[in-house]
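Hi,

Here's the structure I promised to pass on. Have a look at it first, and then read my notes below.

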Amino acid sequence: MNKIAVLTSGGDAPGMNAAVRAVVRYGISRGLKVFGIERGYEGLLEGKLSEYDARRVSDTVHRGGTILKTARSARFATAEGVKDAYEVLTAFGIEGLVVIGGDGSFRGMQDLQHYFVSRGETFACAGIPGTIDNDLGYTDFSLGFDTAVNTVLSALSNIRDTMTSHDRVCIVEVMGRKCGDIALYSALGGGAETILVPEVPLDIEAVVTRIRRNKIKGKNSDIIVLAEGVTDAETLKTLLKDRLGNEQSLRTIKLGYIQRGGAPSSFDRLFASRCAVRAVDILLNNGVGSVIGIKNNEIINLPIDEGLAIKKSFNKELYDIASAISG
Ligand code: F6P
């Protein structure tokens with residue numbers, strides 16, 4: 001193997017740069033030419049590939065976002081798009097691809113690999129889980145999740161100060177798509193009074209009861225951490241207002257994209273670097289389609305089909321702890 005390429009795809013996540021940097025530098029150290037592809041699969045279709053040397057990834061390990069830029073490509077999601085991507089890769093002589101992204105990005109990688117196989121050819125590829133959502137079942141964590149949770153924790157501290165001062169209840173909406181992990185981990189770490197996640201059916205009466213019970217105990221200010229997969233903060237506010245009337249002052253905040261930016265945590269930087277080394281090693285061994293992850297602090301890899309077939313499980317233990325100790 002001589003030439004490999006790396007791309008970032010889907011929503012950006014802190015730690016993607018640390019992964020790109022390590023793929024480039026470790027790849028070069030193993031005698032490979034490493035190409036960066038700009039703007040994910042969309043850039044691949046446009047032939048936006050260029051060779052990266054070690055200098056080109058200097059000063060990036062601590063930066064959020066992705067220096068390669070990212071995109072969600074509708075064109076690549078078609079059979080024609082996959083064929084075009086194959087042609088670009090072969091024209092550049094790329095023999096292996098590292099994809100840093102989430103579920104959708106891995107499915108794209110799988111389609112590409114199937115296309116090579118359908119032509120009687122092989123193609124080495126490896127996926128590094130990069131999404132703040134932590135919604136991939138085969139891995140304990142995905143890149144960016146730890147940083148996003150720390151960002152939410154810092155926001156919760158600020159929100160708590162002002163809500164306590166005004167005796168207000170605040171609904172804090174966090175990202176995660178259909179997965180409640182950002183909400184769960186940040187609510188537990190931030191001492192939120194209520195956690196609402198898509199994995200647990202919404203019981204609005206229980207939320208009202210908790211607010212009232214806390215008031216009786218002398219606590220006039222609660223934090224409700226709401227995962228976007230349940231509903232949005234304004235809708236929840238209306239549901240609560242219908243029941244509480246003027247009993248309690250309610251506020252909402254949607255944390256939004258601040259969760260996706262920012263310097264990666266130490267965990268995400270180390271995790272990114274470990275995954276990148278595994279990815280390059282997989283390509284060098286002509287690994288035909290693997291996804292990489294972490295289980296019990298060990299870096300693991302599985303065939304794409306196998307990895308993607310594993311359903312994300314909800315961490316009931318953490319949910320129960322949070323419920324038991326919330327004030
Ligand atoms: O997948 C990451 C994520 O930030 C989700 O948590 C969120 O629902 C979505 O991306 C937002 O996507 P967009 O960047 O298209 O607004």
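**Around the ligand**

The shell around the ligand is made of 3 nonpolar, 1 polar and 5 charged residues. In that count, Ala, Val, Leu, Ile, Met, Phe, Trp, Tyr, Cys and Pro are nonpolar, Asp, Glu, Lys and Arg are charged, and the others, Gly among them, are polar.

Before you go on: this is a predicted model, where local features need pLDDT of at least 70 and side-chain atom pairs pLDDT 80 or more, while totals for chains, interfaces and linings use all residues. Numbering starts from 1 along each chain as its sequence is written, and side-chain values use heavy atoms, without hydrogens and water.

So who's in the shell? The residues around the ligand are Arg72, Ile132, Asp133, Met175, Gly176, Arg177, Glu228, Tyr257 and Arg260 (a heavy atom within 4 Å counts as near).

- Tyrosine 257 has a polar side-chain atom 2.3 Å from one.
- Glycine 176 places a backbone N or O atom 3.1 Å away from one.
- Arginine 177 has a side-chain N or O atom at 3.2 Å from one.

On its own, the ligand has 400 Å² of accessible area, and the protein covers 76% of that (Shrake-Rupley method, 1.4 Å probe).

**The two domains**

The chain is assigned domain 1 (3-144 + 264-309) and domain 2 (147-260), with bounds from an automatic or database assignment. Their centres, taken over C-alpha atoms, are 35 Å apart. At the contact (heavy atoms within 4.5 Å), domain 1 brings 14 residues and domain 2 brings 12 residues. Each domain also gives at least three residues to the ligand's shell.

Cheers

Notes
Polar contact = N/O pair within 3.5 Å; in protein donor to acceptor, adjacent residues only side chain to side chain.
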